[in-house]
Amino acid sequence: MPLQALESFIDVLIIGAGPAGLMCGNALAAAGGINVRIIDQRPSKIAVGHADGLQPRTIEVLQSYGLAERLLREGGQLHMCAYYNPSHAGGIEFTTRVPDVTIPTARFPFKIALHQGAIEDAFLDSMAHHNLIVDRPVKPLAIELSQDPEQLHSRCSYPVKVTLVRLDTAIDAAKLEVIHAKYVVGADGAHSWVRKTFGITMDGDQTNYVWGVVDMVPDTNFPDIRNKAAIHSTHGSLMTIPREGDKVRLYVQLSEENVVEPATGRASKSQSSPEKILEVARRTLHPFYISPLSDIEWWTIYTIGQRVASRFSVEDRVFIAGDACHTHSPNAGQGMNASINDTHNLAWKIVQVLRGWANPSILRTYESERRKYAKDLIEFDKRYAALFSGKPRTSDKQDGVSHEEFHKAYETASGFTSGIGIHYGPSMIVNAKHQRCAKNLVVGQRMLPQVFVRAADARPVEIHDLLPADIRFKILIFLGSMEGESRLAEINAFAQELSSPNGFLQKYSTGGQTSLCMFDLITIVAGNKKDINYLCAPQIFRPHWSKVLLDDTDVTGSKGGGAYERFGISTESITFVIVRPDGYVGMVAPATALNDVHEYSASFLLPRHWRSRL
């Protein structure tokens, strides 16, 4: 008699527990009410090495999940970048030092350097708090996606069937499991099984740039070992990244012929060693010396591949994320950041659809937003990798890469590499029709950080800390000044209009509890903390005493103030700023364009009466 596999029905199955998978698992678990499983075929988590850098925007994202403080405490911080270039006397010489992050709107104007295992630990601990753990070692064997249109379009169906095998048991009856899932997220790395099973191609090229990586505690007289350093020499290029504690990571350019496997013609770790990589590093760093003080913690070699998946989803039921859909050089510190931000973009959309809040069509914006970003990333990486791996300009080689050329390229792209300048294009959830009413809050970019003071107690608060990644849209209502009878009359009239049963706050709420469910409403007044009475604002604008903010400085005069001017918002009118659950500005609009706000909401949200039918 054939053995019967265990069978179960779940909302979301995540395949792969790297940064993309863990971000997705944590976001879904924290949302609550989602039946989610996350599997990984590795018997244990990463302990050392692999990715190690968090960019400023990624730190902001992690802060929105309550995870950044731990990583800020544990990681090294990269504030300065030093440049070294060939000297006339041979070897290298110091050129300059500049801030590593130059974007003025960065809340965290630095990068965090910490090994991937420690970053994953933060996710794992948070997931455990929400009763989700990684099921390992478990491997997918087969996946089937229903072709029945009714199943694919029904919120209640489970159109994806996945057969799993447990790798740590010898009992046949306990090995197999069949999962029926509403959604599957393939976060299973560059050699993604999910991607290959669905025939999704990776488009792009493999370069001939080969690099070695070594993590160690160094003994060195290199003066910038505790700064990020970009080094061009006649022996090749090298980058140093100061890490947690006394550790340092070296990225060392290698000659392809020294690491190629004869049988395959490809670069292979078997053809190298940490000692060989360090030998190249010493030649590159001359006249400075460097040696490990203790055992090498981790090392690897890699050839730079620059590819993007031809699609990121299948029927909006199966998605791929992270290295499964884009690969590139790690030198610019983008890989783990791109992966984390992929599923940060995806998770809230899945939850809103599962809850019946949003139309499933919203899921299409995952591919349109993140694939466009990935293609831009590859174009940047091609330029950056070529410049960093290219021969430096010297008196004997005038056609080489100059310091000015390399630095300018990185500086120009800093908005992109930091993540701060990522800009999602027009879609059902990005509407820039009224951009002029808040000209400096760019629709499609993340909400700018800004300190306000609470009207009730004058406590300074960072607006980012009031925009947690909790699946809700945040409605920021800039009321402007509350001085003068005409202004108060305008504000009261608008409050009545917004409170209407046909208003979007009521139309899309659950039981009318708008501030607790789909929307979180925050009011920002242009006023003075010394004489404001926030109770003069209509009730709808103050769902809780902590939700009324002032554009004023704190009591020391050192924090806050000037937000209306900075954002390009008038203090003599009422302005909406709608912030998506992932922290990006979805729409800005004047109160006089409330119908456009209704149309924006109606393009992807489902009214209450529709949800009751599902």
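First, the ground rules. This is a predicted model, where local features need pLDDT of at least 70, side-chain atom pairs count only at pLDDT 80 or more, and totals for chains, interfaces and linings use all residues. Residues are numbered from 1 along each chain as its sequence is written, and side-chain values use heavy atoms, with hydrogens and water left out.

Now the helix. α1 covers residues 19-31, 13 residues in total. Helices here are DSSP runs of H or I, at least four residues, and strands are runs of E, at least two, numbered from the N terminus. From first C-alpha to last, α1 reaches 18 Å, close to the 18 Å expected at 1.5 Å a residue. That expectation is 1.5 Å times one less than the number of residues. Just after α1, G32 takes a positive phi of about 85°.

How many residues of α1 are buried? The count is 12 of the 13, so α1 is largely enclosed by the rest of the structure. Buried means under 20% relative accessible area, with a 1.4 Å probe and protein chains only. Among the buried ones are L22, M23 and L28. Their cover includes β1 (6-15), α2 (56-64) and α9 (335-354).

α4 (116-129) also belongs to that cover. The axes of α1 and α4 come within 9 Å and cross at roughly 20°. Axes are lines fitted to C-alpha atoms over the stretch in contact, with angles from 0 to 180 degrees between N-to-C directions. That makes α1 roughly parallel to α4, the word for angles under 35 degrees. Contact means heavy atoms within 4.5 Å. On α1, P19, L22, M23, G25 and N26 make the contact.

Note on methods. Buried < 20%, exposed > 50% of the residue type's maximum accessible area, 1.4 Å probe, protein only. Parallel < 35°, antiparallel > 145°, perpendicular 65-115°, else oblique.
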